[in-house]
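Trainee: I would like to learn how to read a protein model. Could we take one feature at a time?

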Amino acid sequence: MSVQLIDAVELAFVSLIQAAVGTQANGYPGKSSGTKALPCFIAAADGSSLEEDPPRSGNYWVDVEVSVKAIAATEPGAGDPVLADYALAQTVFNTLQVSNLDVLLNSQGQLLTVMPNGFFFGTPRQLQDEEGAWVDILAIKLYCCNSILAA
């Protein structure tokens with residue numbers, strides 16, 4: 001059951017964010033293979049940290065990281081991509097850092113229910129990855145289950 005929950009969480013995040021950014025970036029679930037074309041965002045749920053609460057309830061705390069990756073290097077004479085990176089990261093994080101995130105994720109057509117007010121935001125952070133891309137990261141903890149519950 002927990003594997004399906006991880007997949008549902010990742011796909012719900014990708015669907016929600018892709019609707020907000022449109023063609024501005026490519027969206028990927030954490031469990032995806034191949035090269036990820038930049039700029040992009042990745043919604044990765046950590047299946048190794050699932051915590052069932054209370055035990056045998058089917059309700060889990062799931063750790064999710066949403067990463068926004070953008071091109072850091074520029075070609076000589078090309079414009080600096082930093083403004084586009086800021087705009088993309090702001091759009092993604094503004095889409096997620098809302099008081100009704102549970103409702104938005106539940107409406108993405110996945111076998112998933114995020115409990116009312118069942119989410120907490122971590123502190124956003126920034127880094128540059130080993131390939132030279134800028135990465136903006138937002139950690140989110142969800143309390144959810146792998147079924148659709150009536151509102």
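Trainee: Is phenylalanine 119 buried or exposed?

Mentor: First, the ground rules. This is a predicted model, where local features need pLDDT of at least 70, side-chain atom pairs count only at pLDDT 80 or more, and totals for chains, interfaces and linings use all residues. Residues are numbered from 1 along each chain as its sequence is written, and side-chain values use heavy atoms, with hydrogens and water left out.

Mentor: Now the general idea. Buried means under 20% relative accessible area, exposed means over 50%, and partly exposed lies in between (1.4 Å probe, protein chains only). Phenylalanine 119 has a relative accessible area of 10%, so it is buried.

Trainee: Which ring does phenylalanine 119 pair with, and in what geometry?

Mentor: A pair of aromatic rings is described by the distance of the centres and the angle of the planes. Here is the rule: rings of Phe, Tyr and Trp (its six-membered ring) pair if their centres lie within 6.5 Å; planes under 30 degrees apart are stacked, over 60 edge-to-face, and the rest tilted. The count comes to three aromatic pairs by this rule. In one of them, phenylalanine 119 pairs edge-to-face with phenylalanine 121. Their centres are 5.6 Å apart, with 65 degrees between the planes. Phenylalanine 121 is partly exposed, at 32% relative accessible area.

Trainee: Which residues form an aromatic cluster?

Mentor: Trp61, Phe120 and Tyr143 form one.

Trainee: Where does the charged end of lysine 36 sit?

Mentor: The rule has two cut-offs: NZ of Lys or CZ of Arg must be within 6 Å of the ring centre and within 35 degrees of the ring normal. The charged end of lysine 36 sits over the ring of tyrosine 28, 5.9 Å from the ring centre.

Trainee: How many salt bridges does the structure hold?

Mentor: Side chains of opposite charge can pair when their charged atoms come close. In a salt bridge, a side-chain nitrogen of Lys or Arg is within 4 Å of a carboxyl oxygen of Asp or Glu. The structure holds four. One of them joins the side chains of aspartate 63 and lysine 141, at 2.9 Å from N to O. This pair links distant parts of the chain, 78 residues apart: aspartate 63 is in strand S3 (residues 59-70) and lysine 141 in strand S6 (residues 134-145).

Trainee: What do the names of strands and helices rest on?

Mentor: They are DSSP runs, numbered from the N terminus: helices are H or I with at least four residues, strands are E with at least two.

Trainee: What is the partner of glutamate 65?

Mentor: Arginine 125; their side chains meet in a salt bridge at 2.8 Å, N to O. Glutamate 65 lies in S3 and arginine 125 in strand S5 (residues 125-128), so the pair ties together parts 60 residues apart in sequence. Glutamate 65 is partly exposed at 31% relative accessibility, and arginine 125 is partly exposed at 37%.

Trainee: Are lysine 69 and aspartate 129 buried or exposed?

Mentor: Both lysine 69 and aspartate 129 are buried. Their side chains form a salt bridge too, at 3.0 Å, N to O. Lysine 69 is in S3, and aspartate 129 is in the loop between S5 and S6, 60 residues away.

Trainee: Which backbone oxygen does the side chain of threonine 95 reach?

Mentor: A polar contact is a pair of N or O atoms within 3.5 Å; within protein, one must be able to donate a hydrogen and the other to accept it, and residues adjacent in sequence count only if both atoms are side-chain atoms. The side chain of threonine 95 reaches the backbone oxygen of threonine 91 at 2.7 Å. Threonine 95 is in helix H2 (residues 82-96) and is buried, at 14% relative accessible area.

Trainee: What does threonine 95 touch?

Mentor: Contact means heavy atoms within 4.5 Å. Leaving out residues up to four places away in sequence, threonine 95 touches Leu16, Ala20 and Leu104.

Trainee: Which residues touch the most other members of the largest nonpolar core?

Mentor: A nonpolar core is a set of buried Ala, Val, Leu, Ile, Met, Phe, Trp, Tyr and Cys residues joined through side-chain atoms within 4.5 Å. The largest has 33 residues, and Val9, Phe13, Val92, Leu96 and Leu142 touch the most other members. Helix H1 (2-21) is among the elements that each supply at least two residues. H1 gives the most, with 10 residues.
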